Amino acid sequence: MSNRRFSSFLKLSVLCVVLAFTGGVSADPVKAAFVYIGPTGDHGWTYAHHRAVNHLKEVVGDDVIVTEVESVAENSDSERVITSLARKNDIIFTTSFGYMNPTAKVAKRYPDVKFEHATGYIRGDNLSTYQAKFYEGRHVMGKLAGGMTKSNVMGWIGSFPIPEVIRDINSAYLGAKSVNPDVEMKIVWINTWFDPGKEADAANALIAQGADVLFQHTDSSAAMTIAEENGIYSFGQASNMREWGPNAQLSGIVNNWGPYYVERVQAVLDGTWTSTDTLGGVKEGWVKFAPMNNNIPFDVRNAASKAIIDIMTGATHPFTGPINKQDGTPWLAEGETATIDELMGMQFYVEGIDSQFPN
Amino acid sequence: MNEGLFINIIIGISVASAPLIFAAIGELLVERSGVLNLGVEGMMIVGALMGFVVQFHTESYFLAVLAGLFAGVVISSIFAFLTQFLLTNQVATGLALTLFGLGFSAFVGKGYTEESIQLIAAVDIPFLSDIPLIGPLLFSFNPLVYLAFFMVYVVWHFLFKTKQGLILRAIGDNHDAAHAIGHKVVLYRFMAILFGGAMAGLGGAFLTLVQVPIWGEGMTAGRGWIALGLVVFASWLPFRVILGAILFGGITILQLHAQGFNIRISAQYLSMLPYLATIVILVALRIRLKNKTNRTVPNCLGRIFHSTT
């Protein structure tokens, strides 16, 4: 070869080598999208997901590009949002029960995109579900409530009568009854996950009916502020709500979705993602607890701590017989524990809860 | 049911209906002048945010209430400018105002979701609240609730007992004739819109200053729309606004207490009730149109006024 040709060939090969290296080193980052039912500022349910997403970004770093869409209503509009996200993302997490059917529909139309639906039960080849065993946390909260209540009336602010909420009510009630056989549970339904005004009204109504410990299955910190104002107790829901209830908050369930999100996004990066149904509880670190209130007496605190350890080791299951259904029919025999299917489809109160079951 | 619970229910209803009274009485005046402002929800939520923010920073209830009022005025002035000077379609502009208010408040409020404030406490009027039975029932409300009732009286007095109120009503019924006589249609409407904004802002501030001491985006949750329906339900008569607000606001409270008593009323039916009642009233108004001319839709409601002279 002539000198000139050789030098151009050399330059070209150097260029190729450089390009090959830079092209190969940066793999395509995973594009992950999250659909939220409320604002991240709710300091409850959605805030917990947002915290987990921040954890995801910290751990996985540049290998993930995250999109978060807040306050998506659980109606046909959610299908539109999920579809537009499916066009541009590799994996989509929909974080509320009501997104189940829209997610399933979009998952069928976009078989190459992976979907993860929280708290639901429809799965597909590209649609996974994940659910946290909140009822384990509620059981512990119940033990605290049963020990701290003076009026023996607990109040529950319910959103929608889906199995998850019914399960949590039953679990908390059983936990309270195990330390205080005289306790009763009053339940009101406000048909929304997030409406601070209505949550406050519900809290006031329950207090007027005699409740001195409040549970909430809604997303804002309104009930905690009402509890604080009235000098009664409440539990933080999905996030630590101590700021709004320094005296009122006995403890709370803190949702910890971070590890799961990291695991799933990593699976997409590694190409090992398959459709799964994952259930995580206290043992897996998905359900954590807010620090206990200083005013809780030693014996009550002990009972709750022991319950946490027992659940973690598997020595206790919140739903262990003998338990009857609300109408008296036997459900669990002595020592028998509820199956996962029974829990996921629960649509009855346990014996001892006086409220009429919502239809 | 004991007396304490009964009083608690009455107080609960007063807190639930006061924001509706404020927003509806303001919108009533606006609609009486012939302008249809659908932006009530947007004005309310901006008032809610500003009341919360100012209370958080200054811890002065007086300034917080003024801030809510002022926020409503500023937001509604955009609407007033667009519809009265640029002659835009009132329905479209009002809807745009709602969307703008919701988005703007969510954006500005991002930094305040972690905070909480002290609510305005109810007051016991000395002497009067000591009267047995009715004392604690009627004279222990929150000061802003009394203000709401007072504003209804003010609007009634203005509309039906003053000359300016008469002119405003005339403008609402026939703006061309009013203009021909020499009244300043645009000025009256502009002032009415600002008043409506002030009241809506006050209604919104009531939420964060009296009902629940936190800020959450979208927390008015449709109360603005209920207020709009309330104006129709009240047949554009001020004192009927109170009746309607107690009905609409009270439904939620009663439903919650009914659940506590194990009386099962489907929540969906109760949520429908305000809107169904409004439709029924509208139909009844058309039927009675030929009898009472005072209790009907202001003739020029929603029509653009374009003076050619």
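The model described here is predicted. Four bridges connect β5(A) with β11(A), which comprises residues 277–280, and the two strands run parallel. β5(A) also pairs with strand β4 (residues 114–118) of chain A, again in the parallel sense and over four bridges. Within this second pairing, A:Ala118 has A:Tyr130 of β5(A) as its bridge partner.

Strand β5 of chain A spans residues 127–132, and six of its six residues are buried. Burial extends to both faces of the strand: A:Leu127, A:Thr129 and A:Gln131 lie on one side, while A:Ser128, A:Tyr130 and A:Ala132 lie on the other.

In chain B, helix α7 (residues 163–173) has B:Leu168, B:Ala170, B:Ile171 and B:Gly172 as its buried residues. The elements covering these buried residues include α1 (3–32), α6 (143–161), α8 (175–181) and α9 (185–211) of chain B.

B:Tyr112 is located in a loop of chain B, between α4 (90–108) and α5 (134–138). This residue counts as partly exposed because 19 C-beta neighbours lie inside 10 Å, whereas burial requires 20 or more. When residues up to four places away in sequence are not counted, B:Tyr112 touches B:Phe52, B:Val53, B:Phe56 and B:Trp215. B:Leu36 is 76 residues from B:Tyr112 in sequence, and their C-alpha atoms are 32 Å apart in space.

Terms used
Residues numbered from 1 in each chain as written. Chains lettered and ligands numbered in written order. Predicted model: local features only at pLDDT ≥ 70, side-chain atom pairs only at ≥ 80, totals over all residues. Buried ≥ 20, exposed ≤ 12 C-beta atoms within 10 Å, placed from the backbone. Contact = placed C-beta atoms within 7 Å. Pairing = 2+ DSSP bridges.
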